[in-house]
Amino acid sequence: MLKKIIKYSTDSTIFYFDSSISELSKIVDQTSTFIITDDNLYHHYQKKLKGWNVLLIKAGEKYKNQNTVNEIIGQLIEKGADRKSIIIGFGGGVVTDIAGYVASVYMRGVSFGFIPTSILAMVDASIGGKNGVDVGIYKNMVGIIRQPKFLLYDYNVLKTLPNEEWVNGFAEIIKHACIKDAAMFKLLEKQFLKDFQKDKLLLSKLIQRNALLKAKVVQEDEFEQGNRKLLNFGHTLGHAIENTYQLPHGHAVAIGMVGAAYLSKGLLGFSNAEKLVTILEKYGLPAFYTFDAKDALLKMLSDKKRVKNTINYVLLKTIGDAVCRPLTIQEIQPVVEAISKTFK
Ligand SMILES: O=C(O)C(=O)C[C@@H](O)[C@H](O)[C@H](O)COP(=O)(O)O
């Protein structure tokens, strides 16, 4: 087990890399811990979770809403959880987002930690304290920024991860490479998804590199006043189409990154949009999708990055160097319209 402590402005998170679920009892007291997971994962990990208090939610983004939060809070009350209780989210991004949010509002806040079980949750969703729920089709409209006490990484859980979820997670890895790590972009160009699936060491290094890259960005700007916004690369258009077309998050982000890359080409002379398309497709992600551009532009106006009539859009100068620019809908519109007509 490799332990790394990341200090944020108010709290610290301990990252237990190369760990195992069986080590959880060394980190928390079993009797005061409540593990939130989804029915799919519970089916696979029932035996490993034996003896722990488990609260179940239904699997899927469509259950990432206030109703699920209320149900879980009801169960916590029923089971006698108090202010000293610890909540653990055991699952992918939907589970960790809900668990972190529930923990932050239950009795005005109890401690929490995560055991991320998907690539996406390991490199992105469980890190940085953004936890919350969707409101209708609007992504993460309600939430908080509050850091987990710990993250426990057990790569064995990836054995049950469906291939499409590996693909999904690589969207956020490619995003990190685009905004901050040109060398990682090169590595990803050289390797294939299968290489990471087969080679545990290669994978654990990649996960750690991404987790620490994100943690560092958050450490420098926990409450998203500056450079944390860069982590939203691909998410403005991505969030505007994700729930409307029930796209997996990684797919929506991939399409969003391509949109942002073409915007960057026009506005900043970014010359590698085609390279991005190639790498996304190589990792099984869609680069293009047919969608209703008018509707997507309208949804963007409800984005959290909108300030009056501009949207803080994340653009690329080069691979590995991103910037945030306020753009009007009129500036965004031609590119969104152009890419919305490309086929699936
Ligand atoms: O942690 C962040 O900050 C990010 O922007 C990372 C994103 O990949 C993540 O999906 C995040 O939840 C989106 O943030 P939001 O504020 O646009 O909901």
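This is a predicted model: local features need pLDDT of at least 70, side-chain atom pairs count only at pLDDT 80 or more; totals for chains, interfaces and linings use all residues.
**Strand pairing**

Strands here are DSSP runs of E with at least two residues, helices are runs of H or I with at least four, and both are numbered from the N terminus; two strands are said to pair if DSSP finds at least two bridges between them.

| Strands | Sense | Bridges |
|---|---|---|
| strand 1 (residues 2–7) and strand 2 (residues 12–17) | antiparallel | six bridges |
| strand 2 and strand 9 (residues 150–152) | parallel | three bridges |
| strand 11 and strand 12 (residues 321–328) | antiparallel | eight bridges |

Strand 1 passes into strand 2 through a hairpin of four residues, and K7 stands opposite S12 of strand 2. In the hairpin of strand 11 and strand 12 there are two residues between the strands, and G320 takes a positive phi near 95°; I311, for its part, stands opposite L327 in strand 12.

**K317 in strand 11**

K317 belongs to strand 11, which covers residues 310–318. A residue counts as buried if 20 or more other C-beta atoms, placed from the backbone, lie within 10 Å of its own, as exposed if 12 or fewer do, and as partly exposed in between; K317 is exposed because 12 other C-beta atoms lie within 10 Å. Leaving out residues up to four places away in sequence, K317 touches L268, F270 and V323, where contact requires C-beta atoms, placed from the backbone, within 7 Å. K317 and D134 are 183 residues apart in sequence, and their C-alpha atoms are 31 Å apart in space.

**Helix 7 and its surroundings**

In helix 7 (residues 182–190), the residues M184, F185 and L188 are buried. Seen down the helix axis, these buried residues fall within an arc of 105°, so they line one face of helix 7, the arc being that of the directions from the axis to the C-beta atoms. An α-helix has 3.6 residues a turn, so residues three or four places apart point the same way. The face of helix 7 turned away from the buried side carries the exposed residues A183 and K190, while the cover over the buried residues includes helix 6 (163–180), helix 9 (200–220) and helix 12 (273–282).

**Domains and their contact**

The protein is divided into domain 1 (2–160) and domain 2 (163–194 + 220–340), with bounds that come from an automatic or database domain assignment. The centres of the two domains, taken over C-alpha atoms, are separated by 27 Å, and 14 residues of domain 1 are in contact with 16 residues of domain 2. On the side of domain 1 that touches domain 2, the elements giving two or more residues are helix 5 (119–125) and strand 8 (138–145), and the largest share, four residues, comes from helix 5.

A UniProt record, an unreviewed entry, lists residues 169–305 as "domain: 3-dehydroquinate synthase C-terminal"; such annotations may be inferred rather than shown by experiment. In the model, the span of residues 169–305 is 69% helix and 0% strand, and its end C-alpha atoms lie 23 Å apart.

Technical notes: Residues are numbered from 1 along each chain as its sequence is written. Two residues are in contact if their C-beta atoms, placed from the backbone, lie within 7 Å.
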